[in-house]
Amino acid sequence: MAYEALARKWRPKGFEEVVGQGHVTRALANAISLGKIHHAYLFAGTRGVGKTTFARILARALNCEKGPSASPCQKCAACNEILAGTAVDVQEIDGASNTGIDDVRRLRENAAYAPSRLRYKIYIIDEVHMLSKSAFNGLLKILEEPPPHTVFVFATTEPNRIPDTILSRVQRFDFRMLSEEEILDRLREMAKAEKIDCEEDALRLMARYAFGSMRDGQSIFEQAAVSGNGRITAALVEEMLGLVGTEAAIDLVGAVAAGSAGEAIRKFSALLSRGADLKFLYLSVVDVLRDAAVWKFTENDDLLFRHSPSSLGRMKELCGGKGREEWMFLLDIAFRSEKDVLGTEFPRLGFELLLLRLVNAPGLLDVEGLAGEAAQASRPRPAAAGAQGPDPPPKAAATTFAARASAPAAPHRETAPSAVAPKGAKADELWDALLKNLGAKKKAVLLGLLSQMKGRREGDELVISSPHQFVLDRLKEEDKWPILLQAVSEVAGKKLDVRLSVFGEKKSPETAAVAGEEERARMSALSDPLLAEVLREFEGATVLEVRPVPRKKTLPQTAEPDAEEPVEGESEQEP
Amino acid sequence: MVGRLSSLRGQDGAVALLRRYFETGNVPAGLLFHGEEGTGKEKAAVAFLAALLCRDRKEDGACGECPDCRLLSSGAHPNLLRVEPENHFIQIADIRGLKEELSLKAFSDRPRGVLVCPADRMTLQAANALLKTLEEPPPATHLLLVAHRLSWLPPTIVSRCQKIPFRTMPAETVEDILGELPEAGKRRSKAALRAAAACSGGSPGRALLLLDEMEKSRETWAGLFTRPDPAAVFATSDGWRKSEAQEGQAAVPLAIVRDLALLSSGENADIINEDLRDVLCAIAPRKTPQEWTRAFRTLLTMSRLPPQAQKRLALEAFLFDLHGKD
């Protein structure tokens, strides 16, 4: 059984063979040829990009009998010994098994001696991130001032777990993830050398699903070669990885976009019974949604993932069904559902949930259309469209911020002193003047609270009413109440009592007359729990006006804030 | 008796791949059997190892008669090393022990096999300690890792193995397999078999676990979604206390809510709880599809809660919240 995995067989033996890490190669080759060799290196990067390989090549480059040279000869005794892993002076230590301080102490004792045969004594510590804290600290002194002729090489996938004190003592090289093209080229080369007949599309697929790691690409390649009996086709790779064709994913998303839950579920189970892998299916659905959103925003084919002409056509057809905000929203839902799909005991039900959520995603209003509409409406305050009851909260928030900004700006035209109401003026004027006075004082929170309330003067009293006791209670808080009283007396020109009352509790005939259709609509909107929640969340937000539901197309539903936990904090609009 | 590769059902792809390794003679050093729990991974891995150790390998795996096969089926083959979790996890000490063992020469001239099962129970330290061995094991040594969830393994481990995917099967296949099992088949109602198969996510092993729950509490749950009866809620949630909680408990309500969400969207096909259809049809219109979908999601989140969570309280809160809106 002299069989050796392809990834090992094809392990590069010289710097120039390592793919895609030019920046490291250059720096190290120069360091060697200039004789400026640092005593400690750290190689960091994701799995299968050449860290350990590089460390071994470095060991040979430094110790080659014809060297030190950037291109070790591979022939001398030193090179051969190191290649076979039998050199006494080059020690490769598994940092993940020898994690303790005792292992480091042993290393320190040995490092004190000069190399026995070779030029340098090299310690390669792989998976160095697993060393314990005390082991790392045990290394500090020797790492700062090692005995001459000692070189440390650390390799790790998680540089963030290495203490700063270590990091500052080593030269760090970050290995980057490989591009699809680089993996593709290498695989093609391997296919040729191993005499494996391989479709170009298959190579492309394997390169893509290696996710930036050469070793992953090579092991997929090897597995495909075995199961395909020396011939690798795209269909074989797809089947082996449980990949879902782009078109199948587009179909599934198409059913979702058409709003047909049953169709989507049927398509999904058909895909599963064809052996689709849930993880890849999920990724493909996210990819399709991403493409749809990107295409809607840019209309640029080049920015999409790789498509065949036919799938590109269907992709565009699919895009037409929804607006860009909607695609973005769907992408958002799908992207955040990863835990539901992949991190659960019931992955299949989780995926079905995702489909149902996508199907039932509320229609969104087009922001541009909305802005245009607002501009057309000849209202005195077009920017402050106000928080309407049945608007999605994010937008309600956005518009109320605008309202907030415009409210304090208003009094700049009319200065506070002139806002003093003449005696015997109508009650509403007194109220308006009070609001302006507070605006001039920049009491935004108080102003925000008051603007959700009604105020009127009844004799020597200012009655402030609101449908909610808790808002009224907030007025009584000690940082607000004195300011309010002060402002009231400033505006009225004398001291007035302020009484707080809950809406509907008691109505004077005067208010009952005013409260026409509009008032009733306002009341019902204000008593909406969702709105109350929005107002609570966005301190200082105000309800400026209430309009009946205007839209002709999609009924604006509550957009889910999509909190991490669906159990809490999701406000729901009754249809 | 050593299992045969062909006795695996619904995993033709994996079985074919495993056979190909023998045909070509290129048996990789690191093999990762992954897929849903209960799809036959461990069975396949053991059968594969048996075939590897067997002196007189047949096309369908081990012969079952040679000395090696006999040693293996008595569980005493010195070339087979098993690494299994103690107290839920495979610790770094277990892996260190394994490495020490592997550093010695093999007992006989047969290849050596290591079975790490379930590999996703390795602690982070243990997994890291295995990396170097997995990449460059001693000659004629094969490491077989069995993992239910690939995502629980560090990518560095996954990248060093050849992956044998075990697929989930269509619900119908699972139902058939269940029907043929002596402990399930005749003794359970058809509806329970069907529901268990549908909730199993395509894994016969899981379906078997779910059967009990299915048989017992499906109607109770349909009732719980129908009308708010505090006594019934408490009776059910009592079973969700930490100490009594079982795996897969959430399967029943999940299946029902899923059906309700589908029914309320006006879909009639593909219902899991076919026998409860009438009841469900009556409940479904009480809420909008959005509300059912949300309930579905809430339940799914609950099924993911860590073991120390107060599932009972979560369940009560969920049910009262659901009915509070009626």
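Is A:Arg456 buried, exposed or partly exposed? Select A:Arg456. This residue is partly exposed, because 18 other C-beta atoms lie within 10 Å; buried means 20 or more, exposed 12 or fewer, and partly exposed in between, with C-beta atoms placed from the backbone.

This is a predicted model: local features need pLDDT of at least 70, side-chain atom pairs count only at pLDDT 80 or more, and totals for chains, interfaces and linings use all residues. Residues are numbered from 1 along each chain as its sequence is written, and chains are lettered from A and ligands numbered from 1 in the order in which they are written.

Stay at A:Arg456. Its strand is E8 of chain A, residues 454-458 (strands, at least two residues, and helices, H or I, at least four, are DSSP runs numbered from the N terminus).

Next, the core. Select A:Val153, A:Met206, B:Leu144 and B:Leu145, which have the most contacts inside the largest nonpolar core, of 126 residues (buried Ala, Val, Leu, Ile, Met, Phe, Trp, Tyr and Cys joined through C-beta atoms within 7 Å). Helix H2 of chain B, residues 41-53, gives the largest share, ten residues. Apart from this core lies another, of 91 residues, including A:Ala248 and B:Met169.

Last, the contact between the chains. Chain A brings 51 residues and chain B 55 (contact: C-beta atoms, placed from the backbone, within 7 Å). On the side of chain A that touches chain B, select H18(A), which supplies the largest share, nine residues.

Technical notes
Contact = placed C-beta atoms within 7 Å.
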